[in-house]
Amino acid sequence: AMQRQEFSRQDLINMLRAAPGYKNPSRVADDCAKLLRDRKNLVPKQGHQGTQTGSIVLIFIDGTIPMVYQSVKYNCPLQIWFTHDYPSVPPTCVVVPVPTMRVKEGHLHVGPDGLVYHPYLSNWSNSSSLDVLCDTLSTVFGSMPPVYSIPNPTPQPAPLPQPARPQTSKSAALNSRDHDAEFEQVLRESQMEADRRALELQQREDEVLRLAKEESKAADEKRRREELQRREEEEALSRALQESEALETDRRKALITMVTSKLQGKIDAERRKQAQEVQHHQDLQQRMSARRELLASTEAALRREQGSLTSLLTELRGVEVELGRATARMEERVQAPAEDALRLPD
């Protein structure tokens, strides 16, 4: 059997050189290389996609993914196409049946044209993974295969656009130097972005792993405590049942009487306590009433004293006025004889 050609990251970079337009070629190469590393039934290819202005060259993964249906392993034909905006937009997955297969009608995740629909694609983000995507589709297709075989294949409609062969070194040499320089710049920038994202992803994975370990440890500790508590409760219940069965009727009655007496004593003590609290509350109310009365009488006395002081102040002001008038009259009397003495005779 022919062995599958091994594709390195550099091989993918070379393929991307011949498919200009990718905004993050380094991320495309990294994700594809990681996917192809352990999946021997997948190979990278180039294909043309029609647009309003013509066609563009895209990279896609072609091959099969495993699916286990009713304990039997099958291979489902699948293509994964990457647009120029990948990974900002999800890849396009298409089930491409061979001539002896047909796409199952009414499939929950695959349309009549083979296009795959799944929440993992709908919720795609920069942190999503092609490995997880393929594992998810393998699980989904295993529970509900998207294709079925036919005994006598009939002519098929026009197939999906066939992937173009990788360009040879001669055709790649026709690319201009400007395109190579621009691609190298985009590649360097995307590599830097990929390194930064890889570091962030690694940190995020380490944090998730740490939290998962802590949660697992806490869950184990919780289960251990719950199991210990359950055993203690079972043992206590078992002992209580054994003691209850061993007790005689009179002892049970005596125990009930003793418990009732203790409960009654606690009830009486509580009632006395409540009565004391009520009496204490009443005493406080009486003392507060007496203090309010004392404050009221004191306030009245102060008001009366204030009235007396006001009257006295009024009288003092009257005396002050009279004193001023008397002082003025005395000064007039003193000045009058002096003026008479100074007055010369006519």
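Ser 129 is buried, because its relative accessible area is 19%, where buried means under 20% relative accessible area, exposed over 50% and partly exposed in between (1.4 Å probe, protein chains only). The model is predicted, so local features need pLDDT of at least 70 and side-chain atom pairs count only at pLDDT 80 or more, while totals for chains, interfaces and linings use all residues. Residues are numbered from 1 along each chain as its sequence is written, and side-chain values use heavy atoms, with hydrogens and water left out.

Ser 129 sits in the loop between H3 and H4; helices (H or I, at least four residues) and strands (E, at least two) are DSSP runs numbered from the N terminus. Leaving aside residues up to four places away in sequence, Ser 129 touches Tyr 120 and Trp 124, contact being heavy atoms within 4.5 Å.

These two neighbours lead to the aromatic rings. Rings of Phe, Tyr and Trp (its six-membered ring) pair if their centres lie within 6.5 Å; planes under 30 degrees apart count as stacked, over 60 as edge-to-face and the rest as tilted. By this rule there are 4 aromatic pairs. One of them, Tyr 86 with Trp 124, is tilted, at 6.0 Å centre to centre and 45 degrees between the planes. This pair links distant parts of the chain, 38 residues apart: Tyr 86 lies in the loop between strand S3 (72–82) and strand S4 (92–95), and Trp 124 in the loop between helix H3 (119–122) and helix H4 (130–143). Tyr 86 and Trp 124 are both buried, the latter at 9% relative accessibility. Tyr 120 and Trp 124 make an edge-to-face pair, with 5.9 Å between centres and 90 degrees between planes. Ring pairs join Phe 82, Tyr 86, Tyr 120 and Trp 124 into a cluster.

A nonpolar core is a set of buried Ala, Val, Leu, Ile, Met, Phe, Trp, Tyr and Cys residues joined through side-chain atoms within 4.5 Å. The largest one has 42 residues, of which Val 116 and Phe 141 touch the most other members. Two or more residues come from each of H1, helix H2 (25–38), strand S2 (54–69), S3, S4, strand S5 (101–103) and H4, and S2 gives the largest share, 7 residues.

Helix H1 (residues 9–17) has Leu 12, Ile 13, Met 15 and Leu 16 buried. Seen down the axis of H1, the buried residues fall within an arc of 160 degrees, so they line one face of the helix; the arc is that of the directions from the helix axis to the C-beta atoms. H2 is mostly covered, with 10 of its 14 residues buried.
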